[in-house]
Amino acid sequence: MEFLHTLFGYIDALTWGWALIPILVVFGVFITIMSGFVQVEFFGRMFRVLSGRNQNNDPNAISAREALLVSVGGRVGGGNIAGVAVAITLGGPGAVFWMWCIALVGMATSLVECTLAQVYKRKDGDHSFRGGPADYIRRGLGREYNWLAIVYAICLLAAFGLGFNAFQGNTVAGAVQDSLGIDRMITGALLTVVTGFVIFGGIKRIAKAADVVVPIMAVGYLGLALVAIVLNIQEIPSVIARIVSSAFGYEEAIAGGMGAAIAQGLRRGLFSNEAGLGSAPNVAATALVRHPVSQGVTQAFSVFIDTIVICSCTAFLILLGDVYTPGAEGIDGVVLTQQSLASHFGEWSRYALTLAILLFAFSSIIYNVYLGENALAAMTDSKMALNGLRLLILGLVFMGAAAPSATAVFFFSDPMMGVLALVNLVAILMLFPTAMRVVNDFRAQLKAGVARPIFDPAKFPDLDLDREAWDPARWK
């Protein structure tokens with residue numbers, strides 16, 4: 001165990017320690033510039049997905065809206081509540097500005113990786129599809145890169161499917177015990193049963209659960225935040241000015257001025273919105289859409305919702321309250337957010353935040369389960385292995401919830417996520433020309449007056465596409 005701790009600690013240092021965040025930032029800026037600021041170009045189209053219609057009115061298919069809500073449910077979690085508070089505590093208010101910047105850049109990265117996931121998706125049953133980085137590595141780069149797809153799948157399964165689900169179970173049980181006094185074992189058992197009901201129904205039931213849970217949690221939490229903002233509307237200009245001035249070092253952050261603000265903002269922003277990490281493309285590939293870019297645009301919108309909307313609401317809750325004091329120690333993370341919320345609405349709001357944490361964590365669990373299943377599908381199509389994985393995940397959720405210190409054994413999650421992010425970045429860098437061909441096809445159709453562009457695989461005979469997944473006749 002000591003050797004494994006040392007090994008994974010070394011991997012963590014090589015990835016998250018110094019290399020990965022600068023690479024993600026530089027790569028995001030590269031995609032933004034080389035794509036012609038695609039996230040700005042298609043920003044108006046992002047809001048169309050909220051209408052919720054399947055693009056061919058097939059009630060059994062995963063719609064673009066459902067895929068959006070599953071990915072939002074996975075992206076939105078503790079990072080939006082506790083992570084923002086940590087960023088402000090360690091990096092000052094300026095960290096929020098850099099979170100905004102990395103989200104705007106990350107929207108382009110997410111658009112490209114999710115477009116590729118759609119391009120190389122494969123038919124998986126009568127009304128479902130499957131895909132993600134493992135598929136665009138195999139089908140896009142060629143079979144000689146199969147080993148790289150396997151490395152990616154193993155890391156995805158270990159980090160999201162196993163480790164992070166135990167963490168989420170621990171988060172839920174801890175929040176419920178602290179605020180409501182309910183024993184961890186009871187919470188763990190209930191959470192395991194509900195999770196089991198959802199995940200044994202497959203991606204369709206996961207999507208339906210997200211369609212219910214995500215709007216409730218997002219609207220509830222955002223509603224409280226917006227009320228606090230409206231009640232303090234006269235202070236908003238000064239808070240924004242404080243964020244901007246602190247971002248450039250005019251108001252020194254606690255842990256090193258402008259450098260701390262940049263480091264914390266970028267790190268927390270990337271952890272929150274996951275742009276470029278290769279997780280969201282697995283969900284993006286499940287949607288039935290007319291054109292791959294339309295789902296890429298939808299997933300870019302997910303980054304916008306996660307960071308620009310929800311993380312900003314947490315930041316304003318904290319900075320508009322009277323709890324946060326620069327330089328103060330002993331209060332950070334979820335406690336700072338809880339106390340800030342209570343300063344606006346009273347003690348009852350702590351229970352509302354506990355409910356929000358519970359829903360955020362549950363939505364992340366079902367998202368992580370699907371990522372684990374998709375990783376397993378890249379290695380084997382055995383139904384026995386799939387059901388075994390589901391049972392293992394349920395056991396880990398319960399163990400994580402029931403044992404306050406048990407999650408320490410999942411020390412491998414962050415290093416594994418770092419490796420899969422590097423693998424994904426290498427793949428989308430190599431496939432960037434292909435992604436831009438597809439984006440330009442989408443642009444050309446819009447320019448020609450086609451309101452809802454359709455992807456025709458015949459235009460891309462050199463690509464290894466699943467023709468059943470892309471049948472233009474479906475839309476006639």
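Predicted model: local features only at pLDDT ≥ 70, side-chain atom pairs only at ≥ 80, totals over all residues.
Helix H8 spans residues 133-141. Of its 9 residues, 8 are buried, so the helix is largely enclosed by the rest of the structure. The buried set consists of Pro133, Ala134, Asp135, Tyr136, Ile137, Arg138, Arg139 and Leu141. Glycine 142 follows H8. Its phi is positive, near 110°.

The structure contains 6 salt bridges. One of them joins arginine 122 to aspartate 135, with 2.4 Å between the closest N and O atoms. Arginine 122 belongs to strand S1 (residues 122-123), whereas aspartate 135 belongs to helix H8. The pair therefore ties together parts that are 13 residues apart in sequence. Aspartate 135 has a relative accessible area of 8%. Buried means under 20%, so this residue counts as buried.

A salt bridge also forms between glutamate 373 and arginine 390. Here the closest N and O atoms are 2.7 Å apart. Glutamate 373 sits in helix H17 (residues 348-377) and arginine 390 in helix H18 (residues 383-402), so parts 17 residues apart in sequence are tied together. Both glutamate 373 and arginine 390 are buried.

Arginine 437 and aspartate 462 meet through their side chains in another salt bridge, at 2.9 Å from N to O. This pair links distant parts of the chain, 25 residues apart. Arginine 437 is in helix H20 (residues 432-447), and aspartate 462 is in the segment after H20. Arginine 437 is partly exposed, with a relative accessible area of 33%. Aspartate 462 reaches 53% relative accessibility. Exposed means over 50%, so aspartate 462 counts as exposed.

Notes
Residues numbered from 1 in each chain as written. Heavy atoms only, no water. Buried < 20%, exposed > 50% of the residue type's maximum accessible area, 1.4 Å probe, protein only. Helix = DSSP H or I, 4+ residues; strand = E, 2+ residues; numbered from the N terminus. Salt bridge = Lys/Arg side-chain N within 4 Å of Asp/Glu carboxyl O.
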